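Please read the following points alongside the sequence and the model. They treat strands and then helix pairs.

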Amino acid sequence: MKKTYNIFISYHLADARTHYSKLIASLDREGFSCWTDFDDVDQNNNFDRELSAAIKECEFFLVCITANMANGEYMAEEIEYAKQNGKTIIPLIFENVIVPLRLAALRRVDFINYRKGLSDLVAILQGSFNKKKKTPEEKELEYLASIGDMFHAIDPTYAQLTFKGNYSDKVKNAFATTLFQKTELNQFLHKNSDSASITITKIKELIAFILIHKRVAILGESGAGKTFTLQKIAYELAKMRLSDNTVPLPIYISLGTYVGEHFSIFLNENFGELNINKLGSANVILLLDGLNEIPTENLEAFYSGISKSEYACVLSSRKIDYISPEKHFYEITIKSLDVRQIRSFIHNYLKEEAAEEFFWKMCGIEVSNLWDWYRATYTDVNIDNFWYDKPYENVRSNEVNKLKINKLRKSYQTSGIMPHLLEFAKSPYLLFVMCCILVNEGDLPQNRASLLKIFVEILLSSGRKRSKRKFADVPDDTQRIAMSKLAFLIQSEKKGTFFEEDWAIDVLNKSVSGFSSDSLIYHAVCANLIEKHQHLKFSHQLLQEYFAAFELIDDIENGARVEEYFSDAEWWKPTGWEESLLFSVSIVKDATNIFKWLIPANPDLAFLCSREHGIKFDNELLSKIYEPALGERVSPYAKKEWGELLAKNGDSRDGVGYSAVPDIAWIKVPAGQLDIGNDVHCGEMGFAWEGMKVKIDTPFLMAKFPVTNGQFEKFIEMGYNEERFWTKEGFEWKADQQNPLNWKPEAFEDYNQPVTDVTWYEAYAFTKWLNELIGDEVKKAYDFPDCEIRLATEMEWEYAARYPDGRCFPWGNEYIAGYANIDETAEEAKVGPYFLGKKTAVGMYEQGNSALGISDMCGNVWEWCQTIWQQKLSESCNNSPEGDGFRSLRGGSWLNSCIFSRNATRDHFDAELFVYDVGFRIVFAPKIM
């Protein structure tokens, strides 16, 4: 007859001869039957199977808590199996150590005093131990243990993410005009706020930042690991709370369940048995996951509630959906995974040999071959050397592998672009999907939609194996249709991510025939496509958006208006359909019609569609986002890339070339009279001045574009060292330097971008050199006999920008989102969604041209003027090239808000200062006497 056991004891092998053996003997004397792994099992034959069977058959599962337990890999698996099988788990404390988080809430028995511990244990086993009403402390321990359970399954695969943020206390700047006397404040003024940058690579550093700053928003792209991060924060804080009750209690809440109720009611519902009022705001930290999952109509109520709340709070949100609540949140962004992190995750998930093979498969055959060559060529090499070392110097053309490695390193180190499928792996969720596919399929597809298609097939297959109900088997296509109907209506009805089961059953009854709704939902839950709690939700928002894409495709083909999905007013604002649209272009064989449907309404999203892996459109179609007709919507992201493509393939636009001499595209500025200054909006940052009437007696020419890198390179080659082109003060400053102090030869690769990091002295010397080179030709061509090439005076610059009607911006009186390369998101002057964070090629913002057709007078780079700075601009201002003082700046840059980029805004720098967002433009105008 088979012997049965009612007790299983989980222990560390190092404790076998001490605690374990003694406990077995004691329980045996008390008449309890204990399963043991040295009498009851063959260690060499089916050990795991017999171990599992013993746990499944036992009534009580005892865990020996000792210092060795932390290293007990088998113990963690045994505890997990016991939890899955609903066993009564009793921790036995043999040494003074912290109980693991997942066991913290369980009734424990203290065996430090062995005799008393044994007596208490026997009483529990015999059922005579009195059960008491739960204390607040016990309720808290239960909650902490639930956090341990939540994170336990995914913790082993966790790879450290990287978080980066520019944050400030957002103190409003109210500078007096006297501050402009101090050069060192110019950089500060250009940044708009007292900001700092932070990079965090360890979760403990992130937690320390959160505990100091109290209110933090963790932002990231879809699948970036926001939920994972918040759960990890909850897990680590829960462990800290176990041993230190001054650490705030982490309350993890999924925001998809918020339906617009009063915020305090919502919190109470998510505290379980804990008393929120007794805990107090100082003793709690809210971890609110998925701001983007709140139904749109409930967002206003949520923002109101969170702004009034006194709790420390961490929000997670997709970056594109985030709007800062009224109370300032420090914004920290999860960066895409880098090579080290991707490899670490794969090694956590897979066995060593399989992990390394998979990593190089994701890199592609060419990079894998380069790695093999690299290892064979050099000694003491590792992955970090290969990816992160500096590019080889002085490489010969026949050193093919070195040239390829240089290209790989430059692409990765400067732009973060990874080869082949590593580009997908930058997203933690897609990396997880790829690992699952590799384990089950052995090969990987080439775009996101195909990845999820195979992933869904794997989930459905494994779901059938887990299914215990005898429903008719649901075909994959039918299940996909059912999930698509649900996902599409969830998004159409703006439900967020959570939905009621009754609602889902009603939807499926109406839209899927031949199978019961109950069956479809059950199979989806078994397959982990849908999670079932109090409500239902897709297991990941990307899955929901992938399924919704199928119905979206059908709707577009059936003539849906684009305005039904994307706002017509503030068209750049997210509506929740963005990811589904991106999936749709990867699902269909030919996405041309979707692209044409989308471009006029949302060129930003159209641009992202064109960059989806494996998607190709013809050049004529792409030109509609790269070079939209005047008056059409423009995507700055597309314009930035277009400028880079022009540089790569040859920028043939008039005014950009540099072959023999700089090619300048001149725009005629008519003579006339105009009011300048007197812009009250400039007063917000201390730039206001009362203005004056300026009269331009003689027409002049202004360059359509700022001077470019390529054009300035010619000056370095042909005239930089010639003293005759410099002012006295400028040549003394130059001394024996051969080029600008911050000049980088690689800047020539971006030859169509405006030159920056040049002093006023260098800008002036360039004009003298160019005047000598082409001044006579310009005189003859335009019949301007008494003119010369020089920098514009402040009055000339503003007159040209405001012509003909005194407008506030080059194109009109109101700022229009996407019309200039500035920081439209700045807190003190938010005017749109864009902040590229870098300069672009000249002339990319045609919609923002002035009435005369002059480009980039708003944003991109500040422009040196001829004028010597004085606090108040007047007719008597000094435009002499001599002197070493401050020189005026106009136009604002990519770094600034629209306040700095208005036509009337003035600033200044020291003539010998070179800055990364300051360049210059030239005019052909009357000589300055």
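Which residue in β15 is the bridge partner of E531? The points below begin with the answer.

1. The bridge partner of E531 in β15 is K537. Strand β15 (residues 536-538) runs antiparallel to β14, and 3 bridges join the two. Strands here are DSSP runs of E with at least two residues, helices are runs of H or I with at least four residues, and both are numbered from the N terminus. Two strands count as paired if DSSP finds at least two bridges between them.

2. This is a predicted model, in which local features need pLDDT of at least 70, side-chain atom pairs count only at pLDDT 80 or more, and totals for chains, interfaces and linings use all residues. Residues are numbered from 1 along each chain as its sequence is written, and side-chain values use heavy atoms, with hydrogens and water left out.

3. β14 and β15 belong to an open sheet of 3 strands in the order β13-β15-β14, with antiparallel pairing. The edges are formed by β13 (498-499) and β14 (530-532), each with a single partner strand, so one side of each has no neighbour in the sheet.

4. Strand β20 (residues 787-791) is largely enclosed by the rest of the structure, because 5 of its 5 residues are buried (under 20% relative accessible area, with a 1.4 Å probe and protein chains only). It is joined by 5 bridges to the antiparallel strand β25 (residues 922-926). Within β25, V923 is the bridge partner of R790.

5. Two packed helices are described by the angle between their axes and the distance between the axes. Helix α26 (residues 603-610) packs against helix α27 (residues 619-626) at an angle of about 140°, with the axes 9 Å apart. The axes are lines fitted to C-alpha atoms over the stretch in contact, and angles run from 0 to 180 degrees between N-to-C directions. The two helices, α26 and α27, are therefore oblique to each other (angles under 35 degrees count as roughly parallel, over 145 as roughly antiparallel, 65 to 115 as roughly perpendicular and the rest as oblique). P603, A606, F607 and S610 of α26 make the contact with L622, I625 and Y626 of α27, where contact means heavy atoms within 4.5 Å.

6. Helix α20 (residues 476-492) and helix α23 (residues 541-557) cross at roughly 90°, and their axes come within 7 Å. α20 and α23 are therefore roughly perpendicular to each other. Residues in this contact include M483 and F488 of α20 and F547 and L552 of α23.

Methods: Buried < 20%, exposed > 50% of the residue type's maximum accessible area, 1.4 Å probe, protein only.
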